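When a protein chain folds, where might empty space be left among its atoms? Rolling a probe the size of a water molecule over the atoms shows where such space remains.

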Amino acid sequence: ANNKDTTNTDTTRNDSAARAYMEKIFEATVLNQPIRIVLAVDSAGNNLTADYQDMIIYLRKDTYYNGPLEILAKGTKHMGTWGSNSDYSRLNLSIQGLPEFAFFDNPWRFTYKSATLLKIAPVTNPGKKTLHLEKIL
């Protein structure tokens with residue numbers, strides 16, 4: 001049940017109950033949770049996971065829709081920002097500090113969401129580029 005894909009959950013209902021439900025789910029499964037990269041593939045299809053698998057990512061909460069992005073990489077904490085749209089179909093990441101972070105600098109769309117696994121791809125012209133993020137339990 002933990003890996004049920006919720007990507008296609010009806011997020012078009014914008015009533016306050018549906019919105020509050022989505023906010024609570026996002027908070028419980030993503031916000032302030034340690035996340036690791038289990039797959040990173042560039043647009044050409046090259047597997048770059050080895051460059052990212054030791055990073056630990058946190059989307060910290062300012063609001064349900066944005067906040068500080070924290071990445072622990074090579075023993076250093078790097079700070080950036082994240083943001084999502086109102087139905088959690090998009091995710092924007094902005095962070096600097098290591099050349100590898102340029103990979104994150106796209107508007108992303110969710111292609112799969114569950115309690116423990118998130119899959120994202122660029123919104124426009126994704127090619128084969130994808131990022132799989134797993135909650136560290």
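This is a predicted model: local features need pLDDT of at least 70, side-chain atom pairs count only at pLDDT 80 or more; totals for chains, interfaces and linings use all residues.

The structure contains 2 cavities of 30 Å³ or more, and the table lists their volumes.

| Cavity | Volume |
|---|---|
| Largest cavity | about 50 Å³ |
| Second largest cavity | about 40 Å³ |

Around the largest cavity, the lining is formed by Thr 29, Val 30, Ile 35, Ser 114, Ala 115, Thr 116, Leu 117, Leu 118, Leu 133, Glu 134 and Lys 135. Sorted by class, these residues of the lining comprise 6 nonpolar, 3 polar and 2 charged. Two strands, β7 (117-122) and β8 (130-135), each supply at least two residues of this lining, and the largest share, 3 residues, comes from β8.

The second largest cavity is lined by Ile 57, Leu 59, Leu 91, Leu 93, Phe 104, Leu 131 and Leu 133. Two or more residues of this lining are given by each of the elements β2 (56-59), β5 (90-95) and β8. How many nonpolar, polar and charged residues does the lining of the second largest cavity have? In this lining, 7 residues are nonpolar, while no polar and no charged residues are found.

Definitions and conventions: Residues are numbered from 1 along each chain as its sequence is written. Side-chain values use heavy atoms; hydrogens and water are left out. On a 1 Å grid over the protein atoms alone, a cavity is a set of points where a 1.4 Å probe fits but cannot get out, and a pocket is an open set with protein on both sides within 12 Å along at least five of seven lines; lining residues have an atom within 4 Å of a point. Grid points are joined across faces, edges and corners, and a volume is the space filled by probe spheres set on the points. Helices (H or I, at least four residues) and strands (E, at least two) are DSSP runs, numbered from the N terminus. Ala, Val, Leu, Ile, Met, Phe, Trp, Tyr, Cys and Pro count as nonpolar, Asp, Glu, Lys and Arg as charged, and the others, Gly among them, as polar.
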